[in-house]
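Let's take a walk through the side-chain contacts of this protein, from aromatic rings to charged groups. Have the viewer open and follow along.

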Amino acid sequence: MDEQRLPDLLRLRGSVVAASDEFFAAKENLIKPSEPVFVPEMYDARGQVYDGWETRRRRGPDGAQPDSTARDWVIVRLGVPGVVRSIVVDTAFFLGNFPQACSADGCSVAGYPSSEELTGSCGWREIMPRVLLTGSARHAFKVHSALRFTHVRLNIFPDGGIARLQVHGEVVPDPAMLTGLTIDLGALENGADVVASNDQNYYSPPRNVISPGLSRVMHEGWETRRRRKPGYEWLVIRLAARGVIELAEIDTSWFRGNQPDLASLQALDATTGAAPSDESAWHDLLPPVRLLPDTPHRYRVTSAPATHVRLNLFPDSGCTDR
């Protein structure tokens, strides 16, 4: 399994909760959606400006080097709880000031604990042992715990700077928040995911169409390259659970000169032994409908129980939500 293809649980509306220190650069930089940047000789009152999280230099007694257990830490709240499969620690542009090593812990806490409660005893357990880091490099570490976590704590030894942090894994929502409710079976935050598409990431990733929140720009949707031969674009969503679909939304917000001409939906029930690769197993959920630019389209539909939905776009382009 390629853990890097799993959702980044931190960027599904996660946040940075607390840090032991952020003297040189703010902890919130860790979860910026953009790539790190560096402008040489850009200084503020505390020195060279870095696009990341950077702590002050630690010292032992009488100015000696700190002991091997000395560390700084940052706690992040995952945007949705889940099983963590990979942690990416990016030290981009940190060359003489990156940490020597890092480790990570996870905890699962109900409700909305304060930063003070999280820095105390909340059942933290190690999910990534201490590993060495290098400067200005992207480090991806596998996580082998099968437990569900709501928060992750990154420890750095003894101090230094990290540009970006990513936490990839499988979404596992709280069942108590879903039981007895009509839910969005196609929402990533409820456990759905995009399992296949014919245009994975040319302009923007297809997973965008099921990610939380409304798109603010076109890039937060899914846009395919321009089709120059017969056919259509498609993606397959594994639903959060087997269920009966009653309402579908196809949102073309921000797509103004490049929305698809037509779209259709098909459904499949994998519990019957049908495979998404079997074209004959799909049945129509929504016949081809014409799409307007920059418009959320909502349709009442009826279906037998389904586990997967396929969105077809004719001939190309994209949408911001499904």
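Phe-38, Tyr-50, Phe-93 and Phe-94 are joined into a cluster by ring pairs. Keep in mind as you look that this is a predicted model. Across the structure, the count of aromatic pairs comes to 5. How are the rings of Tyr-50 and Phe-94 arranged? Their centres are 4.7 Å apart and their planes meet at 20°, and because planes under 30 degrees apart count as stacked, this pair is stacked. Tyr-50 and Phe-94 are both buried.

Now move along to Tyr-232 and Phe-314. Their ring centres are 5.1 Å apart with the planes at 40°, so this pair is tilted. Tyr-232 belongs to the loop between strand E13 (222–223) and strand E14 (233–243), and Phe-314 to strand E19 (residues 306–314), so the pair ties together parts that are 82 residues apart in sequence. Tyr-232 counts as partly exposed at 28% relative accessibility, and Phe-314 counts as partly exposed at 24%.

Rings also meet charges here. Over the ring of Phe-23 sits the charged end of Arg-46, 4.2 Å from the ring centre. Likewise, the charged end of Arg-153 sits over the ring of Trp-124, 4.6 Å from its centre.

That brings us to charges paired with charges. Side chains of opposite charge can pair when their charged atoms come close. A search of the whole structure finds 19 salt bridges. One of them joins Arg-56 and Asp-21, whose closest N and O atoms are 2.8 Å apart. This pair links distant parts of the chain, with Arg-56 in the loop between E4 and E5 and Asp-21 in the loop between strand E1 (15–19) and strand E2 (43–44), 35 residues apart. Arg-56 counts as partly exposed at 43% relative accessibility, whereas Asp-21 is buried, with a relative accessible area of 13%.

Arg-58 and Asp-72 also meet through their side chains in a salt bridge (3.0 Å, N to O). Arg-58 lies in the loop between E4 and E5 and Asp-72 in strand E5, so the pair ties together parts 14 residues apart in sequence. At 29% relative accessibility, Arg-58 is partly exposed, but Asp-72 is buried at 3%.

Finally, salt bridges with shared partners join Glu-22, Lys-27 and Glu-28 into one network. Within the Lys-27 and Glu-22 bridge, the closest N and O atoms are 3.0 Å apart. Lys-27 is buried, with a relative accessible area of 10%, while Glu-22 counts as partly exposed at 31%.

Conventions. Residues are numbered from 1 along each chain as its sequence is written. This is a predicted model: local features need pLDDT of at least 70, side-chain atom pairs count only at pLDDT 80 or more; totals for chains, interfaces and linings use all residues. Side-chain values use heavy atoms; hydrogens and water are left out. Rings of Phe, Tyr and Trp (its six-membered ring) pair if their centres lie within 6.5 Å; planes under 30 degrees apart count as stacked, over 60 as edge-to-face and the rest as tilted. Buried means under 20% relative accessible area, exposed over 50%, partly exposed in between (1.4 Å probe, protein chains only). Helices (H or I, at least four residues) and strands (E, at least two) are DSSP runs, numbered from the N terminus. A charge sits over a ring if NZ of Lys or CZ of Arg is within 6 Å of the ring centre and within 35 degrees of the ring normal. A salt bridge is a side-chain nitrogen of Lys or Arg within 4 Å of a carboxyl oxygen of Asp or Glu.
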